[in-house]
Amino acid sequence: MNVDFLIIGGSAAGTTAAEVIRGLSPDSTITIIEDEDHEQYSRVLLPHYIRGKVTREQVFLKKPEWYTDKKIDLLKGVKAVKLDPQNHKVVDDKGDEYQYGKLLIAVGGRVIPFEVAGADLANILYMRTVDDADKIINAAKKSQRGVIIGGGFIGLEFASCFKLNGVSDVTILVREKYFWEGKLDEDSSRVLVAVLERNGVKVLTGKEVERFEPSSSHSRLDPEFPDKIDSRFRGNDNSDKRVGAVVTKSGKRLDAQVVGIGVGIRPNLEWLEGSGIEIGRAIKTNEYLETNLPDVFAAGDCAEFNDVIFERQHVLGNWANATNQGNIVGKNMGGQRTIFETASSYSINFFDGACSFMGVTEADFADEVVPRGSVEAGKMTQIYIKTIGGVMRIVGATIINNPMEVSPLTAAIKSKTDISANKDKLDDPSFDLKDLVINS
């Protein structure tokens, strides 16, 4: 098959890019290769669907006729397995070849499998795809006890999804000494955990899972518990048995009829081996989202792009970033040379709490991290400061239970405001963060 624009991945970045390209190049041929069997849907809406806030149909952003109207060929259930950049060619898992003019790699990420004994038991679930969401709803509605492995955003989403689907006893296990260590300071973590605990979710820290044990009753799947696990991630030896307990390395045993795994994602890049494409933490690109290979671009979770705001290579794994990158890479592929520039942010609400991350929240990147708020007030913010090009700037922030601070801190990050005159005021909750930009 010969195609002007070939896109590997049909989620936020890939589909957005295809739409932008179509607007710039009305007569070109565009093909999307997508390894799932669905049209584009919103991963952001999956927790809302699981919690019953939106319908399954509302999760889907594109219907089949949209692709027909846009003259975009969508090939579902197809995986790219080889890139031959010298011949401008991609091969899929069915042996079909695609000769491309320009190629976009937007494969996103896949869940990191949790590999311990018993991980192939049924009702051990991930939260990445719409099929995962269906399984979570089905399993949670029939379970009283649930365990979540891992903290972070997915751990928080699992907690509320389990609770709102009737799982009465929910416990989160994290191996670190406190929840979200490495991203939050201990006081911020305490504020976040307080929200979980007052909503009936227990958090056990310093706990590593040794194994999962099958249920002693109904160990074989029956009509009441029909869920099969996803064989892409685990073997099938126990796939007809349900989980019954989680056992930690310290010997603690927790009964569980459903388990949620949230230990992160990684880009699906193995198929690019031998292609010559430059890969660091993800596929390296410049500020135009171009790779080191001619006519090959990357966007979304699988791209490590040159961040012109923070002057570093950066990987961002969220829906808004993928959509924004899809828009810019579509312009660049369509002939409108445009720099990608963003100060990313990601927020979720969980129970009666709120959590936001913006910019770069890595302590080893910042020169200083300033805490703001208190555990007693139930609000904590961390502000990351770095001097870049002689200017003292806010480069990132984590905000727990204080959504009013999201907007002014985002503005300060995007404007690259010199905050040296106000730096000593940042830890004072009475200081209005809006003044950072107004008085700069």
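Colleague: Before we start, what pLDDT do local features need?
Modeller: Numbering runs from 1 along each chain as its sequence is written, and side-chain values use heavy atoms, with hydrogens and water left out. The model is predicted: side-chain atom pairs count only at pLDDT 80 or more, totals for chains, interfaces and linings use all residues, and local features need pLDDT of at least 70.

Colleague: How many residues of H1 are buried?
Modeller: Helices here are DSSP runs (H or I, at least four residues), strands are E runs of at least two, and both are numbered from the N terminus. Buried means under 20% relative accessible area, exposed over 50%, partly exposed in between, with a 1.4 Å probe and protein chains only. Among the buried residues of H1 are Ala12, Gly14, Val20 and Arg22. H1 is largely enclosed by the rest of the structure, because the buried count is ten of the 13 residues.

Colleague: Which helices do the buried residues of H1 pack against?
Modeller: Contact means heavy atoms within 4.5 Å. The strands packed against are E1 (2-8), E2 (30-34), E3 (72-76) and E6 (97-105), and the helices are H4 (64-70) and H8 (319-333).

Colleague: What residue is the bridge partner of serine 347 in E22?
Modeller: Two strands pair if DSSP finds at least two bridges between them. Strand E21 (residues 345-350) and strand E22 (residues 353-359) pair in the antiparallel sense over six bridges. Their hairpin has two residues between the strands, and phenylalanine 351 takes a positive phi near 50° there. The partner of serine 347 is serine 356.

Colleague: In E13, what stands opposite valine 209?
Modeller: E12 and strand E13 (residues 243-248) pair in the antiparallel sense over five bridges. Opposite valine 209 is threonine 248.

Colleague: How many disulfides does the count come to?
Modeller: A disulfide is a pair of cysteine sulfur atoms within 2.5 Å. The closest cysteine sulfur to that of cysteine 161 is in cysteine 355, and at 15 Å it is too far for a bond. The count comes to zero.

Colleague: Is cysteine 355 buried or exposed?
Modeller: Cysteine 161 has 0% relative accessibility and counts as buried. Cysteine 355 is at 0% relative accessibility, so it counts as buried.
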